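Subject: Handing over the structure

Hi,

Here is the structure I promised to pass on to you. Please have it open while you read, and my notes follow below it.

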Amino acid sequence: MKIYDLTRLITPDIMVWPGTPKPHIGEGSTLERDGFRETRLDIFSHVGTHMDAPAHMLEGAPALDELPVNTFWGSAWVLDASKAEPGSAIGPEALEGFPGADFLLVSTGWELYWNKPEYFGNFPHLAPETVRRALELGVRGIGVDTMGIDPMTDLNYTNHFIMFSAGRVVIENLCNLAPIRGQVVNFAALPLKFENSDGAPVRAVAEVPD
């Protein structure tokens, strides 16, 4: 089997949602002073490769720490959306070949713009009817290789609300999906477990069986 790391490295200069402070990764304890190292982290909950909980936008909806741990792993189908035009809405016909999986991961190729201004731009995205169709097909979460499941221009966060109203999770800023496009893989995106977590960084990985 082969394991793919689908996770962005968190650094002090990592790209963040416009207006979000960048993380501070500072010195806590040191070998010289304390005999051991500890790092102090000051980070917003939706930085880097991260998972959104329904509580991110819905009052009274579950936070990540309230969801069962089997929410965070299962099978995943990697949709090859690499031919989608910038700014285009990927329609439900893209799911006609859906083989059945717990997660839908959307590989647009937009991850190539990481650390460039274009990353915040006109990326392809799922149309709302595609998100609804994915839910009808039984997915427990949708992951994307872009800044968000909604286009930057959608200030109503339509796709987020469709997912959250169904009690589902969203994973954003995935990477390294290109080698596994079109495949069904074993997938895990394990969030930090902290109280009332509206979202959290995850370590996302895919396993391709032999």
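Buried means under 20% relative accessible area, exposed over 50%, and partly exposed in between, with a 1.4 Å probe and protein chains only.

Please keep in mind that this is a predicted model: local features need pLDDT of at least 70, side-chain atom pairs count only at pLDDT 80 or more, and totals for chains, interfaces and linings use all residues. Residues are numbered from 1 along each chain as its sequence is written, and side-chain values use heavy atoms, with hydrogens and water left out.

Now to the cores. The largest nonpolar core has 24 residues, and those with the most contacts inside it are Leu 6, Met 51, Leu 64, Leu 105, Ile 171, Ile 180 and Phe 187. At least two of its residues come from each of β5, β7, β10, β11 (184-191) and β12 (199-208); helices (H or I, at least four residues) and strands (E, at least two) are DSSP runs, numbered from the N terminus. β12 gives the largest share of this core, five residues. Leaving out residues up to four places away in sequence, Phe 187 touches Leu 6, Phe 72, Trp 73, Gly 74, Ala 76, Phe 103, Leu 105, Ile 171, Ala 204 and Val 205, where contact means heavy atoms within 4.5 Å. Another core, of 21 residues, lies apart from it, and Ala 134, Ile 149, Met 163 and Val 170 are among its members.

Next, have a look at β10 (169-172). Val 169 and Ile 171 point one way from this strand, Val 170 and Glu 172 point the other way, and all are buried. In general, the side chains of a regular strand alternate between the two faces of the sheet. β4 and β10 run antiparallel and are joined by three bridges; two strands pair if DSSP finds at least two bridges between them. Val 170 in β10 is the bridge partner of Asp 52. β9 and β10 pair in the parallel sense, also over three bridges, with Ile 142 opposite Val 170. From β9 the chain crosses through α3 to β10 in a right-handed β-α-β crossover, that is, with the strands pointing away from the viewer, the path from the first strand over the helix to the second runs clockwise.

Helix α3 itself covers residues 158-165, and its buried residues are Asn 159, His 160, Ile 162, Met 163 and Phe 164. They pack against β4 (50-52), β8 (125-126), α2 (128-136), β9 (141-144) and β10. Just after α3, Gly 167 has a positive phi of about 75°.

Finally, the aromatics. There are five aromatic pairs in the whole structure; rings of Phe, Tyr and Trp (its six-membered ring) pair if their centres lie within 6.5 Å, and planes under 30 degrees apart count as stacked, over 60 as edge-to-face and the rest as tilted. One of them is the edge-to-face pair of Trp 77 and Phe 98, at 5.6 Å centre to centre and 75° between the planes. Trp 77 sits in β5 (residues 73-80) and Phe 98 in the loop between β6 (89-90) and β7 (103-107), so the pair ties together parts that are 21 residues apart in sequence. Trp 77 is buried at 9% relative accessibility, and Phe 98 is buried at 14%.

Best wishes

Definitions and conventions. A nonpolar core is a set of buried Ala, Val, Leu, Ile, Met, Phe, Trp, Tyr and Cys residues joined through side-chain atoms within 4.5 Å.
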